[in-house]
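Please read it alongside the sequence and the structure shown here.

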Amino acid sequence: MAGRDRGRRTGRVVVIGSSLAGMFAAAACARAGLTVTVLERDVLPPAPWARPGVPQGRQPHVLLQRGLLALEELLPGLGDELRRAGAVELDTGDLAWLGEAGWSPYGSPQFRILSLTRPLLEHLVRERVRLLPGLDVRDGCRVTSLRRGRGSGWQVLTADGASCGADLVVDASGRGSRLPVWLAALGVGPAPVSEVDARTGYATREYAAPTGGPAPTGVVVLQTPGLPAGGVALPVEGDRWLVLAVGSGEHRPPRDREGFESFLRGLRDQAVSDVVSRARPLTDVAVHRQTASRRHHYERVRPWPPGLLPVGDAFCAFNPVYGQGITVAACEALLLHRALARGLRPGTERRLLRSFARLTSLPWGIATSEDLRLPTSDGTPSAAQALAGWWSQELARLSAHGDVRAQWAMTRVYHLMASPRVLLDPVLALAVVRARVLGTGPPNPRPPVLGPAAVAGS
Ligand SMILES: Cc1cc2nc3c(=O)[nH]c(=O)nc-3n(C[C@H](O)[C@H](O)[C@H](O)COP(=O)(O)OP(=O)(O)OC[C@H]3O[C@@H](n4cnc5c(N)ncnc54)[C@H](O)[C@@H]3O)c2cc1C
């Protein structure tokens, strides 16, 4: 693979950023036989610790089923490594899940996912990728700009005044990517940007596992347009739980401990607050508010400079409440790996950018059409988004009244395992019509594992 390919050297890759998208892309390149240098501005911790360059590190991160499969394909055996390191395996059907229309059916087997802290995931991925031959990670090394090198190559300049030559530069520097600025300096672009900002805020606190009786597998209380405030409680490695308060606009959760707990008590259901009341806090509350969905349409820039590829959040960042970013980054790395296996030819990067754009369409559509339903988002849904949103609500209503087929179809789409076409299955359509004409059955009960619901005011 290394050497010349139709007149283009394709041997040296520089990846900017050693977080998840960077290490996935580095793995894809190294496995294709290329020499990879990863440049990371942070000094990387020797253990799974949060770090400044990834300010979202203390917030809960879930991996969708599609992401878990993509990771396993990219780094075979990683799932077992995560389990051995303490990641908690759980079935999404066992989560106590309160959606807009009510409780989802509880206890029907769905996807098996892993729950672990973000620093542990990143640490294990990085340590694993570092072992690949031809791969070097240089930390404490901030990239300041890009310059065209000789021929089709690049010079990547760093803050210490050094530079690094590359035939392919992968920008995995996240939401704060400077690529638009660097491209402007080179006279390229600009790429159009789409953005939907629901002004969502996260606040997370870590707890010891709850005591005093059995704990639920995990609890999710979703935000709704009527009350854009929700909460999540999930077990992670080391007998700990991450408890998230999430809200949008004026409902963004506060940083102080009392405010955090009172926010959880004010949710539509007390299930998350109940977990907190039975658990010992281990940390302070960590907040994060950079959550807008932002998509750079680099695939529309012509001519696109060869040897340059943005990935991960630098290409498209999503409102994190939908848990999509890592999955999309892993899928992009698989596309990159397949393209490199065919050889880097003129136009490969543009074709990859178009594939990334296609890959991104479904998660982007899910995140933005849901966010545009919240009163805190600027902008209004298009007619197609409004129709899709209305149909999803119909299916959610069925699911909240015991229809496990509707639940399963929605879960598959949410986990990026199926096209939204499955939501139009005639059996589901018939069930929606029947429910509209004859009414629904009784709503699903609150999952018994949560115990009796607290009576308001008691
Ligand atoms: C609050 C929150 C919760 C989230 N929850 C989920 C979730 O549940 N599931 C999910 O799939 N995704 C989630 N995400 C998204 C997820 O964090 C990202 O999609 C994922 O980390 C991939 O991002 P990335 O690697 O592109 O960028 P980042 O993770 O932001 O990393 C960028 C890296 O580049 C480095 N860097 C930046 N600039 C430079 C430079 N000039 N030179 C050298 N290095 C540089 C940084 O130090 C960092 O290491 C969440 C995001 C947020 C904000």
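Two strands are said to pair if DSSP finds at least two bridges between them; helices (H or I, at least four residues) and strands (E, at least two) are DSSP runs, numbered from the N terminus. The model is predicted: local features need pLDDT of at least 70, side-chain atom pairs count only at pLDDT 80 or more, and totals for chains, interfaces and linings use all residues. Residues are numbered from 1 along each chain as its sequence is written, and side-chain values use heavy atoms, with hydrogens and water left out.

**The seven-stranded mixed sheet**

- Seven strands form an open sheet of mixed pairing, ordered β8-β7-β17-β18-β19-β16-β20.
- β8 and β20 (286-288) are the edge strands; each has a single partner strand, so one side of each lacks a neighbour in the sheet.
- Three bridges link β16 and β20 in the antiparallel sense, and T204 has A286 in β20 as its bridge partner.
- Helix α6 lies across β16, β18 and β19, and runs at about 80° to β19. Axes are lines fitted to C-alpha atoms, for helices over the stretch in contact, and angles run from 0 to 180 degrees between N-to-C directions.

**The five-stranded parallel sheet**

- A further open sheet comprises five strands with parallel pairing, in the order β10-β4-β3-β14-β22.
- Its edge strands are β10 (135-138) and β22 (308-310), each of which pairs on one side only.
- From one strand to the next, the twist averages 15°.
- Helix α9 (residues 348-371) packs on this sheet, where it touches β14 and β22, and its direction makes about 10° with that of β22.
- Strand β3 (residues 12-16) runs parallel to β14 (residues 168-171) and is joined to it by four bridges; V13 has L168 as its bridge partner in β14.
- β3 also pairs with β4 in the parallel sense, over five bridges, with V14 opposite T37 in β4.
- Four of the five residues of β3 are buried, so this strand is largely enclosed by the rest of the structure. Buried means under 20% relative accessible area, exposed over 50%, and partly exposed in between (1.4 Å probe, protein chains only).

- In α6 (residues 257-265), the buried residues are G259, F260, F263 and L264. They lie on the same side of α6 because they cover an arc of only 135° around the axis, the arc being that of the directions from the helix axis to the C-beta atoms.
- An α-helix has 3.6 residues a turn, so residues three or four places apart point the same way.
- These buried residues of α6 pack against β16 (200-208), β18 (229-236), β19 (240-248) and α7 (271-277), where contact means heavy atoms within 4.5 Å.
- In helix α2 (residues 65-74), Q65, G67, L68, A70, L71 and L74 are buried. The elements that cover them include α1 (20-31), α3 (78-84), β9, α4 and α8 (325-342).

**Two loop residues**

- S104 is found in the loop between β8 (102-103) and β9 (112-116), and it counts as buried because its relative accessibility is 17%.
- Leaving aside neighbours within four places in sequence, S104 is in contact with W97, S399, Q407 and N444.
- Q56 is placed in the loop between β4 (35-39) and β5 (61-62); its relative accessibility is 24%, so Q56 counts as partly exposed.
- Not counting residues up to four places away in sequence, Q56 touches H61, R118 and H288.
- Q56 and P320 are 264 residues apart along the chain, and their C-alpha atoms are separated by 9.7 Å.

**Pockets and cavities**

- On a 1 Å grid over the protein atoms alone, a cavity is a set of points where a 1.4 Å probe fits but cannot get out, and a pocket is an open set with protein on both sides within 12 Å along at least five of seven lines; lining residues have an atom within 4 Å of a point. Grid points are joined across faces, edges and corners, and a volume is the space filled by probe spheres set on the points.
- The second largest pocket has a volume of about 240 Å³. Its lining numbers 17 residues, of which R58, T117, P119, E206 and R240 lie nearest the centre.
- The elements giving two or more residues to the lining of this pocket are α4 (118-130), β16 and β19.
- There are four cavities of 30 Å³ or more, and the largest cavity has a volume of about 80 Å³.
- The largest cavity is lined by 13 residues, of which W49, A50, R51, P119 and E122 are the closest to its centre.
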